[in-house]
Amino acid sequence: MNPSGTGGTVLRSGRAHRRTATTRAVYGPDVQADRSAANGYGSQVNGSDPAVAPGGSGREVTGAISEDAWLRALTLLRAAGEQSGGIVLACHLNPDGDALGSMLATGLGLRQLGIPVQASFSNPFRLPQALTQLAGRELLVPPEEVVAQPDVLMTFDTGSVDRLGDLAPLVAAAGDVIVVDHHVTNGGFGTHNLIDPQAAATAVVVDELLSRLGVELDAAIAECLYVGLSTDTASFRGAATSPSTHELAARLLATGIRPDEISRRLYDARPVRSLHLLADVLGRVVLEPGIAGGAGLSWSYVTQDDLSKHGLGMEWVEGVVDMIRGAEESTVAMVAKQTGPGEWSISLRSRGSVDVGALSVRLGGGGHRLAAGFTGRGPLENVVDALRAALDAVPVTS
């Protein structure tokens, strides 16, 4: 396991009502009451009860994001468009479909309203191949070109400041910070926090934000939101998928976007050498059935040497942890991805009885009950030992 990536594309440098082709679904939690325990979420979030929006609209809203929080964020965004520092949009490093799609959908929506933005993410400033054709990518600028002291910084799908990488200093430098997320472990590092742990994806929260801003849902914005929704629900197979998830997907599809083309780019387009890389990673899967009181752990790893051998980037093993989760002999799946000498990005999945979100928090990371991660440092053997110890310490539910 000697630490030693190429791939993807390197990047160089209002209306009163939102019009859609279908009736807009009510904003609400994407985890239904009968599934809240399984997903680790209760019927109330942040101590708030579900309420009815003021103004006679009759729209039910979740207590996860209060009307006051929405109002303050909307007011801030409208005012920031007239200020010199402008608005910077940022998502977590090595962005996935939900992070990038949510950020670019917001950027396109603000641009539609005449509000200029910059959108970026940390080095390596490279898009995964699956996202190189995503609408709104022209808004992206390298992190080195981002305004150093924006009036407003908006972060997307980013559970903690360190996940911003090179852009982390903007949190302290910005006049205000709006955090848009759905991770239950996000402590709310912004001056304004739009965080709904019950949403199936950050894209769900962004859809509501754009609606409240009066943005028209066009095909470009819909594509970005659909990519976020599809990727974070594992193509609508995840436990957080609910009726409202499909209602949102239906509204997005009604704009004319092609789900077959989007899904092909996301899931069904890969070079043959990526199959050889997967064979290497899957061929070294380790099963430890006695971990976590018998719940079991299946795990593997990928090194920089593996990537160099096949001439590929880390994006091509992003889905392997979900393959490993399919092993019936274990409840928890883990893939350790070497990001540098002595540094590992750890992806965790659970089949249900182990809360990997709580597990990751113990190890300095975060996420959801069934999908989470953390950064491990040191030799891989030490990182796996720390994971084993944490697994033996977390409760296992039946």
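Contact here means heavy atoms within 4.5 Å. Axes are lines fitted to C-alpha atoms, for helices over the stretch in contact, and angles run from 0 to 180 degrees between N-to-C directions. Helices (H or I, at least four residues) and strands (E, at least two) are DSSP runs numbered from the N terminus, and two strands pair if DSSP finds at least two bridges between them.

The model is predicted: local features need pLDDT of at least 70, side-chain atom pairs count only at pLDDT 80 or more, and totals for chains, interfaces and linings use all residues. Residues are numbered from 1 along each chain as its sequence is written, and side-chain values use heavy atoms, with hydrogens and water left out.

**Exercise 1. Trace the open sheet of six strands and find the helix that lies across β11.**

Step 1. The strand order is β10-β11-β12-β13-β15-β14, and the pairing is mixed. At the edges stand β10 (286-288) and β14 (366-367), each with a single partner strand, so one side of each has no neighbour in the sheet.

Step 2. Now walk through some pairs. β12 and β13 are antiparallel over eight bridges, with Met334 partnered by Leu348 in β13. These two strands form a hairpin with two residues between them, and Gly342 in the turn has a positive phi of about 70°.

Step 3. Moving on, β13 pairs with β15 in the antiparallel sense over seven bridges; there, Ile346 has Phe374 in β15 as its bridge partner. β14 and β15 (residues 371-377) are joined by two bridges, also antiparallel, and Gly366 stands opposite Gly373.

Step 4. Check burial (buried is under 20% relative accessible area, exposed over 50%, partly exposed in between, with a 1.4 Å probe and protein chains only). Six of the eight residues of β13 are buried, so this strand is largely enclosed by the rest of the structure.

Step 5. The helix is α14 (residues 380-393), which lies across β10, β11 (297-302), β12 (332-340), β13 (343-350) and β15 and runs at about 155° to β11.

**Exercise 2. Describe the open sheet of five strands and the helices packed on it.**

Step 1. Its order is β5-β4-β7-β8-β9, with parallel pairing. The edge strands, β5 and β9 (192-195), each pair on one side only. From one strand to the next, the twist averages 15°.

Step 2. Helix α3 touches β4, β5 and β7 (152-156), and its direction makes about 165° with that of β4. Helix α5 (residues 202-213) touches β7, β8 and β9, at about 120° to the direction of β8.

**Exercise 3. Which backbone geometries stand out at Pro124, Asn94 and Ser235?**

Step 1. Recall the background: most residues other than glycine have a negative phi, and most peptide bonds are trans.

Step 2. Asn123 and Pro124 are joined by a cis peptide bond with omega of about 5°; Pro124 sits in the loop between β5 (117-120) and β6 (126-127).

Step 3. Asn94 has a positive phi of about 50° and belongs to the loop between β4 (87-91) and α3 (97-112).

Step 4. For Ser235, phi is positive too, about 60°. Ser235 lies in the loop between α6 (219-232) and α7 (243-253) and counts as partly exposed because its relative accessibility is 30%.
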